[in-house]
Structure formats: C-alpha cells, structure tokens
Amino acid sequence: MTMRAERKIAFPSDEGRRSIPELTALSAEARRLIVRYVHRAGAGHLGGPLSAADLLISLYFDVLRIDPSQPDWPQRDRFILSKGHSSIGLYAVLAMRGFFPVEELDTFDQIDSRLQGHPDMTKLPGLDMSTGSLGQGLSPGVGMALGAQLRNLPFRTWVMLGDGEIQEGQIWEAAFTAARYELDNLIAILDFNGLPQFGWPQAGGFTRNRPIDDPAAKFSAFGWHVVECDGHDHKSIRAAFDEAMTHRGQPTLVLAHTVKGKGVSFMEGDFNWHAKVPTDAELQQALAELNATVSHPNPEA
Amino acid sequence: MIDATTLVSPISMGKPVAMRETWGQCLVDLAHRYSDLLVLDGDLANSTRADIFAAAYPDRFLEMGIAEQNMIGIAAGLATVGYVPWISTFAAFLAKRALDQIRVVVAQPGLNVKLCGSYSGILTGKTGKTHQAVQDLAVFRSMPGVVTIAPADAVELRGAMDAMMEMTEPVYLRLTRDPSPTIFPPDHRFQLGRAVLLREGRDVGLIGTGVQTLRVLEAAELLATEGVDAAVLHLPTLKPLDLHAIIQLADRTGGIVTAEDYSVIGGLGSAVAETLAEHRPTPMRRVGWQDVYGESGPNDALLEKYGLTPGHVAAAAHELLQSPG
C-alpha cells in the first residue's frame, strides 16, 4: 500500500520503567481515589473502574508516551476509554499522572465540572475522545491510527473496551476495518470482567456471566492478533502490552481477564456494585482493604 | 430597517448539471488547495461521484465499506489528527443509520467532519422508501453545532464547498442525484447563513431551499401569468437561519409559502413557521411531503403524487391568498 511507510515507534526500555511493586501500589492508590470520589459525588460507577484500574495504571505509568504538561502534543500516544462509564477510573489516573490536581476529583459529576459523568474531550485536556454511548470508541481509534499511518506519525492508539459494549455491531465494523488497513499501531484492551449491568436469560435460569462468548476467537476471526493476560497482575499486563507494541501487520487485542469491583472484597463479582454508591461505613471498609493490599502487591504471583 | 438580503436575478436556466458530479469534481479542486482533505466512502463512490475524487487522489480516498456508523467514528478520529474528512454516502443512511455516532463523536466534540448526504429528497433513482431522506433536515437542524446547507444548483454548491473548507465546524451538506438547471451566475458568491432574494413581489412570499427553489421559481412564473406577484426567497442555509430575511419577506408580502423536497415536519417549513410565530405571526402554507414515506417511481410521477411540482406551490399560494386569514 502506498500509504504505508516504515514508522519508528519508540518502545519503552526496561531502564527507567517502574517496578511491578511500584505499579501495584499505584493501582491501590487509584482504587482508593475511585471509591472515595464516587462516595463523595454520590454518583458514578464502581465495578468497572475497579476492574480497569490496573490496566489504566499500566497505561499511564508504564507504556503511554505522553506529557501531562503538553496534553495536545501531536506525537503523544492516544487513549480512548470506550467504556466511558468508567470515567472516574480514568480521571483518578489522569490526576495521579499530573494532568490536573487530585483535589479536582471533588468536582466529579458536579455542575460545570471538567470531570463529566462520561468523558468530554471539549472540557478536560488529556481526553482524546468523548465517549459514553457504548460501542463507539473503537472507530475513532481506528481513525487516529489510520491518521498516524497517513501522516507517518510515530504514535500508538490504545482503546479500552468493555465486554458488554462489544455486543454493539459498530465494534465489529471497526474491528474489520482496522484489520483491513493493517493497523499495527492500534491496540484494543478488553476489560473482560464478565459482568454486565443486567445480563441474559438462559436455559434453567439467568446469567450475567456471558456478555459475549469467546472474544479471543471472534477478534482472531476478524483479523486481529490476540494476547491474553491477567488484568490485575502488572507482570502479566506488561508482558501482554509489550507483545502488543511489537506485533506487526495486524492490530492487537489485549484480552485482560478481570474481576468487576476488584480490590474490595464485598464489591468483587457483585453486579450490584456496577453503579452503587458506598455508605460511609462501606467506604471505610473499602479503604481499609485497599490500604492493606499495598503491602501485598501481588498475592497470586 | 435596511434590507440586507441580496437580490440575485437568476440566469435563464441553462443545461442541467448533476450536483453529485459537481461535488466530486469540486472535491478534486479543493484537494489541490487543501492537503488535509480526505474522502471517506461507504461503498457508494460511483453513485455519489466520489469516484471522481478517488481517480484523482487514490491515496486520500479511504474506502470504509458498508458500515456508516464506523465510518463516522473513523472520520472523527482522523479529524483529531488534523484531517478534514468528507463523507460520501446517501443522506438517508448518514442522517439516521449513523445518527448517534454523529451526535457523540462529531457534533458534541465539534470535530471538523463534512457530512455529505447525497441522493437527498424524493428523487433517488427509483429506489424508494429506504433511500429517500425524509428526516435528515430535522435531524441536523436539531443537533447543536452542525451547520446545515442545501444548495440550489452547481454554482452555489461550489461556493458552499469553498465555505465549508474555510470552516472548522461539522457541516451537513444536502445533495441531489439528478441533473438540474443552473440558476446562479458564475460569479455568484455563497454566504453562509444568508438568504438570497431571487425575485421581488408584493402579493405573496415563496421560500425554497435546495433544488426545490428551482420549482419555486417556476411557480412564481406561473403565478405571474395568473396575476399574482410573488417574491422568491432562497434559503441555502437552514442553520444558521437568516431570520432577518424571513421576517422582512413576511412584512413585505403578508403571506408566506414554503416549499421543499422534504417533509413538512422539521425542515424549511418548520424553521420558517417557528421564526414567524415568534417574531411576526404571518399566514403561511407549507409545501412538502405530508408526513408520509415515499415509494419508487419516475421523477415526474413522484413530484406529482407527493405534491412538489411548481403547480402545487402555486396552488398553495392561491389557497393562502383566498383564505380569510
């Protein structure tokens, strides 16, 4: 293809990268901010942001080439939170990374805030796309990756998808097109927590646990390279992201196995915490648990 | 109040030109001047005539397949890296299939995507109800931040496309399929948001938009032979709307007839009625599709059955003039 040119995209060197325990500690801090500010706002989602927290920390503290002092830097890596209802998770990590003061999280979901219930790129620097209507984030990501190819710009585009929203047909239109244009500068991350808001009836009962069957096979069939990881283990996430960044000729899906509500025992795997606000007592218990996890950064490792 | 509406005398109707061909050629001309211009096509390039552009600029023509929602999202992503994507598809699919995508990733963020809806209105080459665009104007008029343009002829289309490249806002451009005469002189200058007075008259004010304005001009000729002196105002831009020109026409004539190749709901007729009800209550009639779906058929038969001919416009004017008030 005439539009394709050899692009030199920097790969993060091991030197200077944060250690796995450091990333794990940052994840716990992100989770504390998420539960604290959803409690303060009296609104927002918890289950999804908590399942995505480690992936977001890994992106913003390990792999994305960004400069918080220049959020419009043309060569920055792009990130789109297609599952826009996890906005508080993204805001917490952007604040930690220095895009805006952590205190501004106080304004989340309030009138005139830059921190809208669903991300608004016209309000908050650092957001690369407005999202919120599910299934729409991958297509703009394809556009950015295609634009980088056409302009021969050395950035990558990352898109985080929810496992519920990939029921939307537009996701598969975008998947087909990304493979067709061989966009190896596009990486999608599937936050596969297996717990949508309501779920599906099935023989003998009802399940929330199958938002979509075998997404790996589906993305492979659409021409994507697929790599799986434990979405709560920074070592596993780093290995998957590093493979995604080096794979050539195809877009890559990082299929991250996650737990909705991860990090707070009474929220984990409970669909009720999709968008529930904790009481004062629940907040204290959640914070106590999250404080304790810092000293045990990687219990399963 | 100073009458700021330009009076342009229409030239005698020349050889018909297909607006879609002008569109394809004009994209090529614009691409010479603007290196950021891209065309995204929904597998209809040989209908919309984006194929003219594809032949001239194959590297700037991006085929998106039959997936309009994804095409809009990709256009939004391209706009964020400084490209100006022009969309090639049919108005019916653009305005409705991709409606939520346009709202979420183009209109609200204010991204510079040019939404071109070809084959608008009822004359869609015998394709019928699915391909005739019956809600596009209501959709885009009601969407904050989207400029809405419906040119009358090839000259005005070129001017509108030049203006679109100068703007950074998203724009909906309403295009038609079949050849139609040129009414504007070659040096006519398109002005965004400005109506054009095509004919002076005292008895009744006729307002048209898009190619329906040609039929409105014919209606004024018909009315003249019947002793009615009709003014003709053309509105190439439905958003922003030239309120001043509409109010002045109502003041001068005391009665308004709108006509459009579109539904009487949500388009030109609605916009004029809203304006007059608020600023200058004036008796009026709306000519257009009467809240129905279309069908396939020859052009003349469609215009006749769905009430869009010059005769229908003239009849509405007579009816208005004869009504007690």
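Modeller: A residue is called buried if 20 or more other C-beta atoms lie within 10 Å of its own, exposed if 12 or fewer do, and partly exposed in between, with the C-beta atoms placed from the backbone. Helices (H or I, at least four residues) and strands (E, at least two) are DSSP runs, numbered from the N terminus. This is a predicted model, in which local features need pLDDT of at least 70 and side-chain atom pairs count only at pLDDT 80 or more, while totals for chains, interfaces and linings use all residues. Residues are numbered from 1 along each chain as its sequence is written, and chains are lettered from A and ligands numbered from 1 in the order in which they are written.

The part to look at is strand β2 of chain A, residues 157–162. Six of its six residues are buried, so the strand is largely enclosed by the rest of the structure. In a regular strand the side chains alternate between the two faces of the sheet. In β2(A), Thr157(A), Val159(A) and Leu161(A) point one way, whereas Trp158(A), Met160(A) and Gly162(A) point the other way, and all of these are buried.

Next come the neighbours of this strand, where two strands are said to pair if DSSP finds at least two bridges between them. Strands of a sheet pair through backbone hydrogen bonds, either parallel or antiparallel. β2(A) pairs in the parallel sense with strand β1 of chain A, residues 78–81, over four bridges, and it is joined by six bridges to strand β3 of chain A, residues 186–192, which also runs parallel to it.

Stepping back to the whole of chain A, one counts eight helices and seven strands. Its radius of gyration, taken over C-alpha atoms, is 18 Å, close to the 19 Å that the globule rule (2.2 Å times the number of residues to the power 0.38) gives for 301 residues, so chain A is as compact as a globular protein of that length. Along the principal axes, the C-alpha atoms of chain A fill a box of roughly 60 × 50 × 40 Å, and 50% of the 301 residues count as buried. Contacts are the next term: two residues are in contact if their C-beta atoms, placed from the backbone, lie within 7 Å. Among the contacts in chain A between residues at least 6 apart in sequence, 76% join residues at least 24 apart.

The contact between the chains takes 24 residues from chain A and 22 residues from chain B. On the side of chain A that touches chain B, the elements giving two or more residues are α4 and α5 of chain A, and the largest share, ten residues, comes from α4(A). That side divides into nine nonpolar, twelve polar and three charged residues, where Ala, Val, Leu, Ile, Met, Phe, Trp, Tyr, Cys and Pro count as nonpolar, Asp, Glu, Lys and Arg as charged, and the others, Gly among them, as polar.

From the other chain, helix α6 of chain B, residues 99–107, has as its buried residues Gln101(B), Ile102(B), Val104(B), Val105(B), Val106(B) and Ala107(B). These buried residues pack against α4 (138–151) of chain A, together with α4 (68–80) and β6 (114–118) of chain B.

Chain B as a whole has 13 helices and 15 strands. Its radius of gyration is 19 Å, close to the 20 Å that the globule rule gives for 325 residues, so chain B too is as compact as a globular protein of that length. Its C-alpha atoms fill a box of roughly 60 × 45 × 35 Å along the principal axes, and 58% of the 325 residues count as buried.
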